[in-house]
Amino acid sequence: MPTFEFNYDELPSDQELSSQYFHLLSAAKQVTENAYAPYSNFRVGCAVLLKNGETLVGVNIENASYPVGICAERSALSSALSQYPDETIIAIAISYSSPEGENNKAAFPCGMCRQFISECEHKNKQAIPLILGAQQGKVFIIHTVQHLLPFSFGKDDLVI
Ligand code: THU
């Protein structure tokens, strides 16, 4: 039977990250302060590192009409692609802070954001590593979003 397996990195803390990834995750942790999350109080931050050295950040922005809210990942990537449409994305870091929570268990991107990142990766023409960590605790490095979205739907499936 065919199986799907993938390799990822699981580090005990952000201290084990390269300096580039450490700073990117720190930016994602810090920007959680800017989240607008009055309904869930789950404050998500995302930082996108570009080849030109710029880091673009985004947060979740909720809405009284709940489905209208946007996740931090799509917020950050929309900003990055709007400002630098032709720049290669080197990596994305995602973190969160939850005033009532433990803040030590990494959260993985939701399904809609996985699909969004998948499209960005296609446009990017190279894999985009995802650095995932809470305010403290373990950090995961997922080498491509395709590992979180097997058999993904993409441009090649859209035969029109
Ligand atoms: N959220 C994100 O920003 N990113 C994700 O990948 C998962 C969920 C936000 C959406 C909502 O504002 C809050 O977290 C709770 O679901």
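This is a predicted model: local features need pLDDT of at least 70, side-chain atom pairs count only at pLDDT 80 or more; totals for chains, interfaces and linings use all residues.
Q: OK, how many aromatic pairs turn up in the whole structure?
A: A search of the whole structure gives six aromatic pairs, where rings of Phe, Tyr and Trp (its six-membered ring) pair if their centres lie within 6.5 Å, and planes under 30 degrees apart count as stacked, over 60 as edge-to-face and the rest as tilted. One of them joins Phe4 and Phe6, a tilted pair at 6.0 Å centre to centre with 40 degrees between the planes.

Q: And what does Phe6 do with Tyr8?
A: Phe6 and Tyr8 also form a tilted aromatic pair, at 5.6 Å centre to centre and with 45 degrees between the planes. Phe4, Phe6 and Tyr8 belong to one aromatic cluster together with Phe108 and Phe140.

Q: How exposed is Tyr8?
A: Tyr8 is partly exposed, with a relative accessible area of 40%; buried means under 20% relative accessible area, exposed over 50%, and partly exposed in between (1.4 Å probe, protein chains only). Phe4 is partly exposed at 42%, and Phe6 is partly exposed at 29%.

Q: Switching topic, how long is helix H3?
A: Helix H3 covers residues 111-124, which is 14 residues, and reaches 20 Å from its first C-alpha to its last, close to the 20 Å expected at 1.5 Å a residue. That expected span is 1.5 Å times one less than the number of residues, and helices (H or I, at least four residues) and strands (E, at least two) are DSSP runs, numbered from the N terminus.

Q: Which residues of H3 are buried?
A: The buried residues of H3 are Cys113, Arg114, Ile117, Ser118, Cys120, Glu121 and Asn124. They cover an arc of only 165 degrees around the axis, which puts them on the same side of H3.

Q: What covers those buried residues?
A: The cover includes helix H2 (72-83), strand E4 (89-97) and strand E5 (130-133), with contact meaning heavy atoms within 4.5 Å.

Q: How do E4 and E5 pair, parallel or antiparallel?
A: E4 and E5 pair in the parallel sense over three bridges, and two strands pair if DSSP finds at least two bridges between them. Ala93 has Ile131 in E5 as its bridge partner.

Q: Then what about E5 and E6?
A: E5 pairs with strand E6 (residues 139-142) in the antiparallel sense over four bridges, and Leu132 stands opposite Phe140 in E6.

Q: Last one: where is Asn41, and what is its phi?
A: Asn41 lies in the loop between helix H1 (19-31) and strand E2 (43-50), and its phi is near 60 degrees, a positive value in a residue other than glycine. Most residues other than glycine have a negative phi.

Q: What about Lys125, buried or exposed?
A: Lys125 is exposed, with a relative accessible area of 77%. Its place is in the loop between H3 and E5, and the phi of Lys125 is also positive, near 60 degrees.

Terms used: Residues are numbered from 1 along each chain as its sequence is written. Side-chain values use heavy atoms; hydrogens and water are left out. The arc is that of the directions from the helix axis to the C-beta atoms.
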